[in-house]
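Hi,

Here is the structure I promised to pass on.

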Amino acid sequence: MGFRGLLISFLLVSAAAFVNSQDIDIEALSPAESNCNGIYLSYAFGYRQKEFPHVKNATAQAYAFQATATILNAGTEELKSWKIFIGFQHEEILVSTGQAVLADGSELPAHVGNGTYLSGFPQSDLKTAIDTAGDMTQIQVQIDIKGTQFGVRPPSTPMPSTIRLANDGYKCPAPTRHKTEMHVCCIRDPKFKVKRTTTKFLPRQDGDLTINYDVVQAYGANYLAQVSISNNHPLGRLDNWNLTWEWMRGEFIYNMKGAYTFSKDISDCIYGSAANYYQAMDFTPVMNCQKRPIITDLPLERYNDTTIGRIPNCCRDGILLPSTMDPSKSQAAFQLQVYKIPPDLNRTALYPPQNWKINGVLNPDYQCAPPIRVSPTEFADPSGLLSTTPAVASWQIVCNITRPKEKNSRCCVSFSAYYNDSVIPCNTCACGCPADPNPVCSPNASPMLLPYEALLVPFDNRTVKAKAWAKIKHYHIPNPIPCGDNCGVSINWHIYSDYRNGWTARITLFNWETIHFADWFVAVEMKKAYPGFEKMYSFNGTRMEGRNDTIFIQGLPGLNYLIGETNGTNPATDPPVPGKQQSVISFNKKLTPGINVVAGDGFPWRLYFNGEECSLPTEFPIGAGYRSPVSILPLMLLPIIIFVLLMDQLC
């Protein structure tokens, strides 16, 4: 056989070996994967080892563990922005989630003992085998999970309770379980109505607050992006908003317009990968190189600054109002120049930052989902022409308000009434308590009843009054005494009067913070009393559209500024004085037959200050409504008794 024959034989053998190797890869799929015609999920426990410190209590012993979660698109439709739920149940702390991020934007390490959602990054979409000729790198993602778990002693295996696909439109049965592995095949829900779109992107979603990340100009090594924030919740609000995210691919912010970062830190660039590529760059003018920059709005006076201002909807001192107050102030925007590093040095290598978070001062907490790719945002022509210009690429981040957990509010409410001389104060530790309070106090004891004048005194100066009042009224004095509420804003709701045709209440706002609140608002949810709302006298009170139980309260023009705490007349002896505003609110009983104001119907069942849900007391003042009815017989006998006594003295 000549050289040519040997060469042909070699190529045939090589080709056969290649084909066989491909067949082996396909056959290596498990029967469960091969039989799945939807989205296949699996969780495989790898290993674990005991961590320091070593303790005798098995439930307190920490173990490092490794596991692998797999998502395979074995169906006929592309899976966009995949999201899975893993039901961790052993006090797990995740340290690393390769190829995925936590869907709620939490930073690692993260406590996930009650389960967690994971989303894909950088591969957020899974194509089909049909469209990719079976390319496993495009239809499958494997997540390398590393972390710490507690309390499961070997040889038992710390498996999660469940695993499922969290995307809309899919049904997942209970997973099939083995000792160290579980898997499930999720299929399309035939009852789910799919929103048909004409683009290849996901439709934009609704949320309490939405953020658009639009790339408006793209170059090889950098791009210009615009961030737009929209407040969509009728009670949502942000004061002095702070926005943060996490760069995942070594990006840094060169400059910004319409906002700024709190820290102008370039050390991560100088000592990181950026300096290796941009060796000739002067990093002095760079705004921020931090992996998690903190961004905030510019003050109003910088709007006309041609260098850092002049962005529509920017420069409002970080205030985002609900559209129910002022639609023109419910949006914010800024632009930033982003520099990239290898291997993303082409104009189409565009990745949004992950793990978005936004918060304000005494405002509700928002939980933000990962960015999803949406159709490019269209911008109006700045010259006024009717033409529009689409963004190069757009992502949407949806954030929703979360209810505050117990003892984690930022404002609180006290109850009082004309028929009781004690005030039911804010709950103990309503807004949290220090880990090591000084002086020692009880974070779990019920708050002590107070005299009315104590509401104007800071909690540090209130203890003496509370103890003196307890002695006068013969109330129990706990030892140690209850801790304070530690809230920056407290609100007193006082039943002012109750008569046959109506009743009135008085609401008083106390600002214990040193900051001022401009354009403040209060929303009061009333169950039975709402239909009888008439008017407010010193505030502007209106019924909220679309809600049949909420009264929306604002300050009148010129009175919408709640000042902060100030020093007393003599700072050496007098306690600080809170900023205070109050108004009377009237109700009629014509539309609320059977209302029992004294029994609790006259008190709100939810109250919000600047969008933050405030902590409410767990009981109401007791008064005349609970007293026994007065008997007429003693009143009739009283004149007779007096007459008999007088006649006895005369005799």
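**Aromatic pairs**

Let me start with two tryptophans: tryptophan 245 and tryptophan 247 are both buried. Keep in mind throughout that this is a predicted model. The two rings also pair up edge-to-face, with 5.5 Å from centre to centre and 75° between the planes. In total, the count comes to 26 aromatic pairs.

What does the pair link? Buried or exposed? Phenylalanine 252 has 0% relative accessibility, so it counts as buried. Tyrosine 339 has a relative accessible area of 17% and is buried too, because the cut-off is under 20%. Both rings are also part of one aromatic cluster, made up of Phe252, Tyr254, Tyr277, Tyr278, Phe283 and Tyr339.

**Charges over rings**

I have two of these for you. Arginine 249 lies over the face of tyrosine 351, 4.1 Å from the ring centre. Lysine 527 has its charged end over the ring of tryptophan 605, at 4.8 Å from the centre.

**Serine 394**

Next, go to strand E25 (residues 393–402), where you will find serine 394. Its relative accessible area is 0%, so serine 394 is buried. Which backbone atom does its side chain reach? That is the backbone nitrogen of threonine 377, at 2.9 Å from the side chain of serine 394. If you leave aside neighbours within four places in sequence, serine 394 is in contact with Arg204, Tyr213 and Asp214, and also with Ile372, Arg373, Val374, Ser375, Pro376 and Thr377.

**A five-stranded sheet**

Last, there is an open sheet of five strands, paired antiparallel in the order E33-E34-E31-E37-E38. Which strands stand at the edges? They are E33 (539–543) and E38 (612–613). Each has a single partner strand, which means that one side of each has no neighbour in the sheet. For E33, five bridges join it to strand E34 (residues 550–555), and the two run antiparallel. To see how they line up, look at arginine 543, which stands opposite isoleucine 551 in E34.

Happy browsing!

Note on methods
Residues numbered from 1 in each chain as written. Predicted model: local features only at pLDDT ≥ 70, side-chain atom pairs only at ≥ 80, totals over all residues. Heavy atoms only, no water. Phe/Tyr/Trp six-rings, centres within 6.5 Å; stacked < 30°, edge-to-face > 60°. Buried < 20%, exposed > 50% of the residue type's maximum accessible area, 1.4 Å probe, protein only. Lys NZ or Arg CZ within 6 Å of the ring centre and 35° of its normal. Helix = DSSP H or I, 4+ residues; strand = E, 2+ residues; numbered from the N terminus. Polar contact = N/O pair within 3.5 Å; in protein donor to acceptor, adjacent residues only side chain to side chain. Contact = heavy atoms within 4.5 Å. Pairing = 2+ DSSP bridges.
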